[in-house]
Amino acid sequence: MADRVRVISINGSPRGDRGATAAILNPFLDGMEEAGAEVEQRIWVNRIEMQPCTGCLKCYCNDGECTLKDSVSNERLIQRMAGSDILVIASPVFSHGFTGPLKTLIDRFFVTGQPEVKRRSNGQTYRRRRDWVKHGGKAVLVSSCAAWEVGMFDLILTSMRQFCFDQERELSAALLRPHSQLLSGIRGKPSVIGNLRALVRMVGVDIGSFFKRGHTLSATQSLIGLKKSIGEVKGAAREAGRQLVRDGKISPETLEAVSQPLLPFEAYASLAEMAIGDLQKKARKRGQGLEKRSGERVKNRKI
Ligand SMILES: Cc1cc2nc3c(=O)[nH]c(=O)nc-3n(C[C@H](O)[C@H](O)[C@H](O)COP(=O)(O)O)c2cc1C
């Protein structure tokens, strides 16, 4: 029997399983398992005790061993990820790129390069990978962002392409989920839009007042149809996992279904504004005095 495809995933969202990124990542990994892959590890970046690369370059002198002593080196995380058949990198878009902790982890892949400088035929400088790196493995990017449009993923996609180029992995696909907060709820509750009542609770308004904001009947209808559309998005993510393991690739139609628009822009913007307004109202009610407290903290801290 052929060896099972070995998969490792890393989720760079600070919200972990409560977040929108996980709402795509988890069904995708489940789909891979259904198709017979072995998902060895689902890593959450917040659980890793990790220091940033200091740039000491000592890994050049000792076959890629890092001098930092933390769980990345103790648990040989880079070696394990670099040896996987499929590496799934998941991150929300933070300031157009990976989240900070994920970028810190990606920097630690520096140890995978040989101490040499080469040039490819296209003129790009590169370092060959060490023998323990799996050559020709696959990689997938899973990402979510708050912006309505998929263009918001341009920079994170470029970073991922470059990471794959460096690691000599094929970037098989990118599962991109824009206007993602509809999947996780603005307060981070999982699958908060279970039904219309949950939606009303989430945004703190009723459909009537949404309608009164001047939205068309079709926008209101797509709001009501959200539960079904979100189900389709998650189903497409699961199907993407099955396809990747079974066929070695994901169809463009499946990727489009993951990224499909869930609401017209105006309706999404309204919903987001209402939800943020609701958050602010609740914070004021609780008398958190956020501005005052954070100001004091900044004043008292030595940098
Ligand atoms: C610090 C920070 C920076 C962000 N930067 C962007 C951004 O540049 N573009 C964007 O569309 N969304 C941005 N977002 C929104 C997140 O990408 C979005 O809410 C994402 O789905 C969160 O995923 P998660 O729930 O898995 O953490 C940002 C959010 C935070 C907290």
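The expected span is 1.5 Å times one less than the number of residues. Helices here are DSSP runs of H or I with at least four residues, strands are E runs of at least two, and both are numbered from the N terminus.

Two notes before moving on. This is a predicted model: local features need pLDDT of at least 70, side-chain atom pairs count only at pLDDT 80 or more, and totals for chains, interfaces and linings use all residues. Residues are numbered from 1 along each chain as its sequence is written.

**Stay on α10**

Colour its buried residues: V233, K234, A236, A237, R238, E239, A240, G241, R242 and L244. A residue is buried if 20 or more other C-beta atoms lie within 10 Å of its own, exposed if 12 or fewer, and partly exposed in between, with C-beta atoms placed from the backbone. Now show α1, β7 and α11 (252-259), against which the buried residues of α10 pack.

Go back to A240. Which residues is A240 in contact with, leaving aside its neighbours within four places in sequence? Select F28, G31, A173, L175, I250, T254, L255 and V258. Contact means that the C-beta atoms of two residues, placed from the backbone, lie within 7 Å.

Select D30, which lies in helix α1. D30 counts as partly exposed because it has 16 C-beta neighbours inside 10 Å. D30 touches R238 and G241, not counting residues up to four places away in sequence. Draw a distance from D30 to A237: they are 207 residues apart along the chain, and their C-alpha atoms are separated by 9.2 Å.

**Into the core**

Next, pick F28, V142, L175 and A240. These have the most contacts inside the largest nonpolar core, which has 60 residues. α1 gives the most to this core, with 8 residues. Such a core is a set of buried Ala, Val, Leu, Ile, Met, Phe, Trp, Tyr and Cys residues joined through C-beta atoms within 7 Å.

**Around the ligand**

Show the ligand and the 19 residues around it. S13, G19, T21, P92 and A147 come nearest. A residue is near if its C-beta atom, placed from the backbone, lies within 6 Å. Which helix supplies the largest share of the shell? Select α1, which gives 3 residues. Both α1 (20-34) and α6 (181-184) supply at least two. Colour the shell by type: 9 residues are nonpolar, 9 polar and 1 charged. Nonpolar covers Ala, Val, Leu, Ile, Met, Phe, Trp, Tyr, Cys and Pro; charged covers Asp, Glu, Lys and Arg; the others, Gly among them, are polar.

**On to α5**

Select F153, in the loop between β6 and α5. F153 is buried because 22 other C-beta atoms lie within 10 Å. F153 touches V93, S143, C145 and L176, not counting residues up to four places away in sequence. F153 and L176 are 23 residues apart along the chain, with their C-alpha atoms separated by 7.5 Å.

Now select α5, residues 154-167. At 1.5 Å a residue its 14 residues should span 20 Å, and the end C-alpha atoms are 20 Å apart, which agrees. Where are its buried residues? Pick I156, M160, C164 and Q167. Seen down the axis of α5, they fall within an arc of 75°, so they line one face of the helix. The arc is that of the directions from the helix axis to the C-beta atoms. An α-helix has 3.6 residues a turn, so residues three or four places apart point the same way.

Turn to the other side of α5: D154, T158 and Q162 are exposed there. The buried residues of α5 pack against α3 (77-82), β3 (86-92), β6 (138-144) and β7 (170-177). Just after α5, E168 takes a positive phi of about 55°.

**Two loop stops**

Select R76, in the loop between α2 (71-74) and α3. Phi of R76 is near 50°, positive in a residue other than glycine. Then select S95, in the loop between β3 and α4 (100-107). Phi of S95 is near 45°. Is S95 buried or exposed? S95 is exposed, with 8 other C-beta atoms within 10 Å.

**Zoom out**

Buried residues make up 35% of its 303 residues.
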